[in-house]
Amino acid sequence: VELSERNAFNIGEPPPLRALEHFGTAQGLYRYLRAAMPRYDPGALSDEEYLDITAFLLELNGKLPEGATVSEETAPLLMISR
């Protein structure tokens with residue numbers, strides 16, 4: 001592996017994001033993403049980008065109700081069910 005500024009202190013492969021239900025609501029998932037990603041620079045994205053990623057992950061996993069949007073106002077209300 002070639003060392004670069006981003007992997008000079010490689011801590012291994014990041015774990016996959018599983019069990020979205022663990023976060024309870026879209027807001028819980030959003031807060032996790034904001035605190036933990038991107039891996040080498042948590043919090044580097046804008047609030048809108050984190051909300052977009054939250055919506056994408058929910059949609060990808062079939063957890064975003066049809067017609068629902070993820071925003072600062074709706075995230076606390078969007079329950080992530082099994």
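A helix here is a DSSP run of type H or I with at least four residues, and helices are numbered from the N terminus. With that numbering, Leu 57 belongs to helix H2. The model is a predicted one.

The secondary structure of the protein consists of two helices and zero strands. Of its 82 residues, 26% count as buried. Among contacts between residues at least 6 apart in sequence, 46% join residues at least 24 apart.

H1 covers residues 26–36 and H2 covers residues 47–60; their axes come within 9 Å and cross at roughly 120°. The crossing in which H1 passes H2 is right-handed. On the H1 side, the contact is made by Ala 26, Leu 29, Tyr 30, Leu 33 and Arg 34. On the H2 side, the contact is made by Asp 47, Tyr 50, Leu 51, Ile 53, Thr 54, Leu 57 and Leu 58. Sorted by type, the residues of this contact comprise nine nonpolar, one polar and two charged.

Apart from neighbours within four places in sequence, Leu 58 is in contact with Leu 20, Ala 26, Leu 29, Lys 63, Leu 64, Val 70 and Ile 80. Leu 57 lies 37 residues from Leu 20 in sequence, and their C-alpha atoms are 8.8 Å apart in space.

Next come the charged pairs. How many salt bridges does a search of the whole structure find? The search finds two. In one of them, Asp 47 pairs with Arg 34, and the closest N and O atoms are 3.2 Å apart. This pair links distant parts of the chain, with Asp 47 in helix H2 and Arg 34 in helix H1, 13 residues apart. Asp 47 has a relative accessible area of 31% and so is partly exposed. Arg 34 likewise counts as partly exposed, because its relative accessibility is 30%.

The side chains of Glu 21 and Lys 63 form a salt bridge as well, at 2.6 Å from N to O. Here too the pair links distant parts of the chain: Glu 21 is in the segment before H1 and Lys 63 in the segment after H2, 42 residues apart. Lys 63 counts as buried, because its relative accessibility is 18% and the cut-off for buried is under 20%.

Most peptide bonds are trans. The bond that joins Met 37 and Pro 38, however, is a cis peptide bond, with omega at about -5°. Pro 38 is found in the loop between H1 and H2. With a relative accessibility of 28%, Pro 38 counts as partly exposed. Leaving out neighbours within four places in sequence, Pro 38 is in contact with Ala 44, Leu 45 and Tyr 50.

The last stop is the segment before H1, where Thr 25 is placed. Thr 25 has a relative accessible area of 16% and is therefore buried. Which residues does Thr 25 touch, not counting those up to four places away in sequence? They are Ala 75, Pro 76, Leu 78, Met 79 and Ile 80. Ile 80 is also among the contacts of Leu 58.

Terms used. Residues are numbered from 1 along each chain as its sequence is written. This is a predicted model: local features need pLDDT of at least 70, side-chain atom pairs count only at pLDDT 80 or more; totals for chains, interfaces and linings use all residues. Side-chain values use heavy atoms; hydrogens and water are left out. Axes are lines fitted to C-alpha atoms, for helices over the stretch in contact, and angles run from 0 to 180 degrees between N-to-C directions. A crossing is left-handed if the near helix is turned anticlockwise from the far one by less than a right angle, and right-handed if clockwise. Contact means heavy atoms within 4.5 Å. Ala, Val, Leu, Ile, Met, Phe, Trp, Tyr, Cys and Pro count as nonpolar, Asp, Glu, Lys and Arg as charged, and the others, Gly among them, as polar. A salt bridge is a side-chain nitrogen of Lys or Arg within 4 Å of a carboxyl oxygen of Asp or Glu. Buried means under 20% relative accessible area, exposed over 50%, partly exposed in between (1.4 Å probe, protein chains only).
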